[in-house]
Amino acid sequence: MRHVRAAVTAEPGAPFVLRDAELEDPRPREVLVRMTAAGVCHTDLGIQAGWPRRLTPMVFGHEGAGRVEAVGTEVSGVEAGDPVCLTFASCGGCPRCVAGDPAYCDSARALNLSGGRGDGSSALRLDGAPLHGGFFGQSSFATYAVVHERGVVKVPAGLPATVAAPLGCGAQTGAGTVLNRLRPEPGTSLVVLGAGGVGLSALMAAVAVGCDPVVAVDPVASRRSRAVALGARAALAPDGSPVTDDGPATDDGAVTDNGAAPGDGLVAALRDLTGGGAHHVVDTTGRPEMLHRAVEALRPRGALAFVGLGGEMTFDMMRLMTKGVRLHGVMEGDSDPARFIPELVGLYRRGRFPVDRLVTAFPFEEIGAAVAAMRDGSAVKPVLTFT
């Protein structure tokens, strides 16, 4: 057993509290990783709020980066000392994994969202009792993590850990939705709803492959300005008011609870900017009112990809049919991390995927401040750093 410091959630929705815990040695196909950075994702906060009480106390975190400390007896892909990015868990043997689609692994829920390894065990202990973990196969809000070898991707030694960490989930989700699923042609239009870490990753990927125009929509003025700085032709508040290279819009244009935005001008503005309707829309909000606007903003035969966590919603089927709209539900950017994360590293190194421009670093001990900054919009991608 190894002593670790972990951010523990005592019950659903409770704050992260740093506690001393213990971690088992890696099993034959597992890897022990000393964390150097861990991204904070909206998924951590959203799932934490509704996490089953029976699976608490719990350690979250699923965008880890670090250095391999030890490997199990059957691990061959990495060795002690290797810098790595941690990503979601998959079984490797189901038809989806064999076909190169591990994001849709038959065992995804058991391996990522069961509070343990998938066999009912947890590598973590707190005060001698089991401490739930294995979140997305890692639970990286801790100084060390034990991860199955399929959730470990080796990265170049010179890659900053604060860049490697977001690649494990948010960056590959946004970029992969564009590059792996939508695969837009150069010169086609793409709209991103929600300019957080996932949305801006989608935007950067769209810019990298030559989409034009690329348009972002977000209620936070600073995020709209960042979207323009990253290559968006324009960035709009949810009421349709713009920010361009001349500076940010002054009205945050918040969407009201009944689904009506002030002036309801977003659809008209998007149609105008995209020459009659967008070819592609990526929704990261999961909000029904934004998804309905996305459909209206598409041109005939346009595609809507949704990646944001949300509940049930309904569409006007006749409207979808008459426009020929294609709907895409996307998990983890349709990514095979062993292949796709190195591709993103390559794009970053060529200056075409500047994920470092999204990052605000916080010491691990200031995880509460990192969460607050994500919630109030002052940080797009908080990344915890470990000494």
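Is Asp20 buried, partly exposed or exposed, and what is its relative accessible area? Asp20 is partly exposed, with a relative accessible area of 42%. The views below come from a predicted model.

**View 1. Asp20 and Arg5 meet in a salt bridge.** The N to O distance between their side chains is 3.0 Å. Asp20 sits in strand E2, residues 16-23, and Arg5 in strand E1, residues 2-9, so the pair ties together parts 15 residues apart in sequence. Arg5 is partly exposed, with a relative accessible area of 32%. For Asp20 the value is 42%, also in the partly exposed class.

**View 2. Arg233 forms a salt bridge with Asp212.** Their closest N and O atoms are 2.7 Å apart. This pair links distant parts of the chain, 21 residues apart. Arg233 belongs to the loop between helix H7 (221-229) and strand E13 (234-236). Asp212 belongs to the loop between helix H6 (197-208) and strand E12 (214-217). Arg233 is partly exposed at 45% relative accessible area. Asp212 is partly exposed at 39%.

**View 3. Glu296 forms a salt bridge with Arg271.** The closest N and O atoms lie 3.6 Å apart. Glu296 is in helix H9, residues 288-297, and Arg271 is in helix H8, residues 266-273, so the contact ties together parts 25 residues apart in sequence. Glu296 counts as partly exposed, at 26% relative accessibility. Arg271 counts as partly exposed too, at 33%.

**View 4. Glu24, Glu30, Arg117 and Arg125 form one network.** Salt bridges that share partners join these four residues. Across the whole structure, a search finds 18 salt bridges.

**View 5. Helix H5 bends at Gly176.** The bend is about 45°. H5 covers residues 170-182, 13 residues in total. At 1.5 Å a residue, H5 should span 18 Å. Its end C-alpha atoms are 17 Å apart, which agrees. After H5 comes Arg183, whose phi is positive, near 45°.

**View 6. Helix H5 is largely enclosed by the rest of the structure.** Why is H5 described as largely enclosed? Eleven of its 13 residues are buried, so the rest of the structure largely encloses this helix. The buried residues include Gly170, Ala171, Gln172, Thr173 and Gly174. Further along H5, Ala175, Gly176, Thr177 and Val178 are among those buried. Asn180 and Leu182 are buried as well.

Methods: Residues are numbered from 1 along each chain as its sequence is written. This is a predicted model: local features need pLDDT of at least 70, side-chain atom pairs count only at pLDDT 80 or more; totals for chains, interfaces and linings use all residues. Side-chain values use heavy atoms; hydrogens and water are left out. Helices (H or I, at least four residues) and strands (E, at least two) are DSSP runs, numbered from the N terminus. Buried means under 20% relative accessible area, exposed over 50%, partly exposed in between (1.4 Å probe, protein chains only). The expected span of a helix is 1.5 Å times one less than its number of residues. The bend at a residue is the angle between axes fitted to the seven residues ending there and the seven starting there.
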